[in-house]
Amino acid sequence: MRVPAGPQVQAGGAEPGAMDYYDVIHARRMVRTFEATPIADDAVERIVTAGRQAPSAGFSQGVEFLALEAAADRERFWATNEHNAQPERVRRAPLVVVPFASKAAYLDRYAEPDKGWTDRDEARWPVPYWYIDTGMAALNILHAAVAEGLGALFFGVPREDWPLLRRAFDVPERYDPIGAIVVGHPGEADVESSADTRRRKPVEEQVHGGEWGGSFR
């Protein structure tokens, strides 16, 4: 798969820009039933490139991906899912993307002279930005799938399965899979999810202004 290098790639499938960005955000949901219909090559390139364009602290770029389209590669991936096996309706999706985070890349980057630190002490980090940045890359992929008229599902890769996944694809030990994303054409009869049975909090319960509990607007 050829992935464009530049930041100018525009999402939107056959009609670039057809979906407003805010429409994409509102339309995004976790899809749990897929058709086996292949995804166009150019759409796959745009989706993966969207992940690559996520921000990273210090431009550390410690996020890497497995992008699996071939049936044999996807089967190899599913064989590693011993502790969070997915049903056939999910496994039908023609694209699997696994975002990986490298803590070492961030510790190395911030030990460079322009960052002002002289060591790789993990305690300097208030939160693990390597996981945060990889999560943002995953969200870019989820949004790009919607922009392409497709569906996507993010699910966890249990830590017990990490060694299997690394061995199956020769992934270096320093890379941690934060989860996996399947992308494809949504099936007609999707299954009910938590978003269907639980209400979204009103803005006044979730967004605080001035002080905690204070009105935002």
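Is tryptophan 78 buried or exposed? Tryptophan 78 is buried, with a relative accessible area of 3%. Buried means under 20% relative accessible area, exposed means over 50%, and partly exposed lies in between (1.4 Å probe, protein chains only). This is a predicted model, in which local features need pLDDT of at least 70, side-chain atom pairs count only at pLDDT 80 or more, and totals for chains, interfaces and linings use all residues. Residues are numbered from 1 along each chain as its sequence is written, and side-chain values use heavy atoms, with hydrogens and water left out.

**Overall layout**

- The protein has nine helices and five strands. Helices (H or I, at least four residues) and strands (E, at least two) are DSSP runs, numbered from the N terminus.
- From the N terminus on, the order of elements is α-α-β-α-α-β-α-α-β-α-β-β-α-α.
- The protein has 217 residues, and 41% of them count as buried.
- Take the contacts with a separation of 6 or more: residues 24 or more positions apart account for 80% of them. Contact means heavy atoms within 4.5 Å.
- The accessible surface comes to about 12,400 Å², and carbon and sulfur atoms hold 50% of that. Accessible areas come from the Shrake-Rupley method with a 1.4 Å probe; for residues, only the protein chains shown count as cover.

**Helix α3**

- Helix α3 spans residues 71-78, and its residues Arg74, Phe77 and Trp78 are buried. They cover an arc of only 95° around the axis, so they sit on the same side of α3. The arc is that of the directions from the helix axis to the C-beta atoms.
- Phenylalanine 77 has a relative accessible area of 0%.

**Nonpolar cores**

- The largest nonpolar core has 21 residues. Leu66, Phe77, Val98, Leu165 and Val182 have the most contacts inside it. A nonpolar core is a set of buried Ala, Val, Leu, Ile, Met, Phe, Trp, Tyr and Cys residues joined through side-chain atoms within 4.5 Å.
- At least two residues of this core come from each of β1, α3, β2, β3, α7 and β5.
- A second, separate core has 17 residues, among them Ala50, Leu95, Ile141 and Ala144.
- Beyond its neighbours within four places in sequence, leucine 165 is in contact with residues including Leu66, Phe77, Val98 and Phe100.

**Aromatic pairs**

- The whole structure holds ten aromatic pairs. Rings of Phe, Tyr and Trp (its six-membered ring) pair if their centres lie within 6.5 Å; planes under 30 degrees apart count as stacked, over 60 as edge-to-face and the rest as tilted.
- Phenylalanine 77 and tryptophan 78 make an edge-to-face pair, 5.0 Å centre to centre with 65° between the planes.
- Tyrosine 110 and tryptophan 117 make a tilted pair, 5.3 Å centre to centre with 45° between the planes. Tyrosine 110 is buried at 13% relative accessibility, whereas tryptophan 117 is partly exposed at 24%.
- Ring pairs join Tyr106, Tyr110, Trp117, Trp125, Tyr129 and Trp130 into a cluster.

- Arginine 166 belongs to helix α7 and is buried, with a relative accessible area of 9%. Leaving aside neighbours within four places in sequence, arginine 166 is in contact with Val171, Pro172, Glu173, Tyr175 and Asp176.
- Aspartate 170 lies in the loop between α7 and β4 (175-177). Aspartate 170 is not a glycine, yet has a positive phi of about 55°. Its relative accessible area is 69%, so it is exposed.
- Glutamine 61 sits in the loop between α2 (41-52) and β1. The phi of glutamine 61 is also positive, near 55°.
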